[in-house]
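Let's walk through this one with a few questions and answers. Have a look at the sequence and the structure first.

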Amino acid sequence: MMFLPVAAYHYPSPFAYKSLLYARSPQGKVAELRAELTAQGGKKDKNYLNKKIALKKIVANMTMSNNDMVALFPDIVDAMGLPSLEIKKMCFLFLVNYARAKPEVALRALPILLKDLEDTNPLMRALALRTLSYIHVRNFVESTVVPLKALLKDNDPYVRKTAAFTVAKLYDHDRVLVEGSDLIDRLNLMLRDENPTVVSSALAALMDIWERSESIKLTIDYTNASKIVQILPDCSEWGQTYILEALTSYVPQDTQEAALLAERITQRLSHTNSAVVLTCIRVMLYLMNYIESDKVVSNLCTKLSPPLVTLLSKGPEIQYLALRNALLILQRRPEVLRNDVRLFFCKYNDPIYVKVTKLELIFMLATEKNIKEVLTELREYATEIDLHFVRKSVRAIGKLAIKIEPAAKLCISTLLELVATKVSYVVQEATVVIKNIFRKYPNQYESIIKTLCENLDSLDEPEAKAAMIWVIGQYADRIDNSEVLLEDFLDSWQDETHEVQLALLTASVKLFIQRPTKGQEIVPKVLKWATEETDNPDLRDRGYMYWRLLSSNPGQAKSIVMGEKPPITAESEKLDPVTLEEMCLVVGTLATVYLKPVHTVFRSTRPRRLQDSPALQRSKLPSYQAAQQAKLLSSSSLSLPQSNGGANGQAQNGDVLDEADAYFASIGNSSMAVSAAGDFAGSPTAGRGGEQVYRVNQGQGLGQMGTTQNAMNRDDGEGDLLSF
């Protein structure tokens with residue numbers, strides 16, 4: 001081992017440590033960058049290479065939200081005077097980022113920007129103007145108005161285009177200032193510019209101002225609409241989008257004008273940019289509302305199908321946008337994609353959000369003609385790995401049984417094949433949709449109840465349990481051991497969700513109504529749990545309601561609990577007519593992804609409505625047809641004669657409620673107790689020891705259970721307690 005002398009070691013001084021820490025601190029970094037920025041490069045650095053490198057470092061730190069860079073603001077302002085476009089770009093970017101944080105320092109840059117507005121280089125003028133428009137400081141906004149008026153007539157089209165957008169920016173900063181000047185009038189005159197890019201930019205600015213203003217109205221007549229359509233091929237893709245969006249402000253006064261304009265823009269449907277395609281589709285859907293000829297509308301709808309299909313060959317994000325818009329278009333114009341169901345069959349590498357949306361379209365396009373092909377495809381989807389997609393597929397099969405009545409049997413056979421796989425989540429989804437099929441087609445497919453009962457052990461989700469319990473209760477008279485099945489579910493009453501508990505409560509009452517001897521022990525127990533041992537108001541209120549009905553008027557109980565159910569349809573997911581009309585006016589926007597009105601997605605955006613016109617085909621609008629249908633239904637219901645039986649029924653219900661209210665008033669704070677004989681029609685305080693016993697409708701109904709049962713006809717030992 002070798003020992004070195006002490007003198008060989010170097011021990012750094014405390015000042016060296018301090019210097020090292022200073023260099024690593026944020027203040028040290030700022031000082032270092034300041035030194036690089038202010039250093040004189042000498043004669044060799046004619047292109048200011050060192051300053052550019054320093055500015056790139058500063059911008060990189062600023063981009064990473066390093067707020068320490070704001071300390072360099074005075075040095076950045078000093079660098080703005082250098083005659084280099086690249087340096088000015090980075091300095092202006094810094095200025096835009098920190099101007100509102102340090103407005104007093106930013107004001108030092110204002111004279112430099114105003115001077116650059118008069119530069120001979122059009123790129124410099126446009127850059128300075130764009131920078132001024134981004135800075136929301138009052139002095140900058142007010143100083144921009146006067147030079148902006150001159151730049152709106154600049155010789156260079158790029159500067160004029162930037163000036164048009166600046167007007168919209170200034171309006172966002174201070175609308176009173178802009179409305180008090182003549183900037184909007186000057187912007188309107190730019191629509192006559194000879195450069196198509198300038199025209200499209202002016203239109204975009206006017207549209208943006210119109211969106212934000214309540215006092216400005218944007219109107220385009222047929223002459224101007226025809227002119228801007230004429231320059232479409234000469235515009236950039238975004239310029240075409242601006243022009244097409246502006247065409248939705250044109251209100252056709254003649255149906256021929258609308259048809260001609262729609263035909264002229266159909267060439268944009270073959271554009272490579274998806275934004276242009278979807279905006280063109282939006283304008284065509286808008287103009288169809290003003291076209292009288294069904295033949296013309298049909299021809300236009302035929303032209304909408306290929307571009308939508310073409311978008312499906314692009315990336316998954318564009319596919320998803322196209323599919324969401326297709327869902328909307330199909331609800332308004334079903335003929336657009338009527339024969340193209342195979343195009344929406346899922347591919348193995350589709351993302352899940354694309355697959356689910358395609359599934360919705362397959363359901364919408366399914367008909368009696370293609371149902372076999374569709375069911376074969378859905379059957380394959382139900383064996384996929386993704387659980388969410390499998391559940392959606394099984395549910396789609398059940399919804400198709402409801403939607404297409406002739407195919408119901410085929411759909412049920414497919415569902416039974418899936419149930420036979422014994423896969424838990426498949427069985428549970430099948431149970432849910434089969435319940436809806438029973439509701440749609442009562443007394444037709446009850447033979448499959450046995451198959452469902454064989455798979456009770458697979459049910460562990462609340463919705464599936466509630467569906468199976470509904471089936472047991474609804475068909476308690478056809479299931480031999482219905483009371484045993486219900487008892488199995490009731491064993492876990494305390495652990496079930498409120499959804500399942502509500503289903504158990506109703507099913508128990510249905511069991512008692514249909515098979516009183518089997519349900520007389522179950523119902524009192526369930527009513528006691530529902531009214532005493534729960535903190536859920538819905539469950540408690542329903543328990544009290546059933547208890548009142550059963551104790552006061554058993555006949556009324558049967559008519560209510562076992563009465564006809566409201567019709568079930570597969571059209572519940574469709575948009576309401578008013579929303580559908582509005583959504584068709586914003587095709588291609590983010591609102592169509594959510595399928596919600598645009599003002600609910602963007603609060604500052606005004607709602608879109610079809611403008612009235614002699615050419616508007618009002619009778620073909622979904623909102624008008626829905627209103628007429630509602631008016632017809634209301635008039636027919638008012639014209640129906642009210643029978644005496646209805647009046648008697650109302651009086652009878654009044655008696656029941658009076659008796660029940662009197663009963664509950666007499667109870668006070670007592671709790672329910674069921675007598676050993678199964679009498680749950682009496683008071684919740686039914687006598688213990690020498691306590692007083694309260695009865696409702698004593699001597700009739702359920703209050704005299706044994707006597708009533710003996711008086712009924714019981715051919716098979718399962719006589720119905722409630723006969724009518």
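Contact here means heavy atoms within 4.5 Å. This is a predicted model, where local features need pLDDT of at least 70, side-chain atom pairs count only at pLDDT 80 or more, and totals for chains, interfaces and linings use all residues. Residues are numbered from 1 along each chain as its sequence is written, and side-chain values use heavy atoms, with hydrogens and water left out.

Q: Leaving aside neighbours within four places in sequence, which residues is Ser-143 in contact with?
A: Ser-143 sits in helix 9, residues 138-151 (helices are DSSP runs of H or I, at least four residues, numbered from the N terminus). Between Ser-143 and Leu-114 there are 8.2 Å, C-alpha to C-alpha, and they're 29 residues apart in sequence. Once neighbours within four places are set aside, the contacts of Ser-143 are Leu-110 and Leu-114.

Q: Is Ser-143 buried or partly exposed?
A: Buried means under 20% relative accessible area, exposed over 50%, and partly exposed in between (1.4 Å probe, protein chains only). Ser-143 has 23% relative accessibility, so it counts as partly exposed.

Q: Where is Leu-590?
A: With 41% relative accessibility, Leu-590 counts as partly exposed. Its place is in residues 590-594, which is helix 34.

Key. Helix = DSSP H or I, 4+ residues; strand = E, 2+ residues; numbered from the N terminus.
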